[in-house]
Amino acid sequence: MKLLLFRHGIAEDQGADGDDASRALTKEGMARTQSAARGLVRIADQPDVILTSPKRRARQTADIIAQYTKHHPEVV
């Protein structure tokens, strides 16, 4: 089994409601995550599964990665 860890993209310093879990990716974070995901799928095998935290920035990151794979993220 191979395990790839992908850290979430650049996120806001604070969520709109002040809760850490609601911190969203910034525009730069989205762009850099898309670029990294495109590169990752060129050099690594397709994942069997995409697992993500329920935190907003992690979900957004997993959704971007999923655009370049055949899987939908699963929240764990």
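The structure is a predicted model, in which local features need pLDDT of at least 70 and side-chain atom pairs count only at pLDDT 80 or more, whereas totals for chains, interfaces and linings use all residues. Residues are numbered from 1 along each chain as its sequence is written, and side-chain values use heavy atoms, with hydrogens and water left out.

The chain contains 2 helices and 2 strands, arranged along the sequence as α-β-α-β. Here helices (H or I, at least four residues) and strands (E, at least two) are DSSP runs numbered from the N terminus. The C-alpha trace spans about 40 × 25 × 15 Å along its principal axes.

Of the 76 residues, 30% are buried, where buried means under 20% relative accessible area, exposed over 50%, and partly exposed in between (1.4 Å probe, protein chains only).

Helix H2 covers residues 56-66 and is largely enclosed by the rest of the structure, because 8 of its 11 residues are buried. The buried set consists of Arg 57, Ala 58, Gln 60, Thr 61, Ala 62, Ile 64, Ile 65 and Ala 66. Packing against these residues are helix H1 (27-43) and strand E1 (51-52).

Arg 23 sits in the segment before H1 and is buried, with a relative accessible area of 17%. Its side chain makes a polar contact of 3.1 Å with that of Asp 20; such a contact is a pair of N or O atoms within 3.5 Å, where within protein one must be able to donate a hydrogen and the other to accept it, and residues adjacent in sequence count only if both atoms are side-chain atoms. Beyond its neighbours within four places in sequence, Arg 23 contacts Ala 11, Glu 12, Asp 13, Gln 14, Gly 15, Arg 56 and Arg 57.

Turning to strand E2 (residues 74-75), Val 75 is found there. Val 75 is partly exposed, at 42% relative accessible area. Residues up to four places away in sequence aside, Val 75 touches Thr 52, Ser 53, Pro 54 and Arg 59.

Key. Contact means heavy atoms within 4.5 Å.
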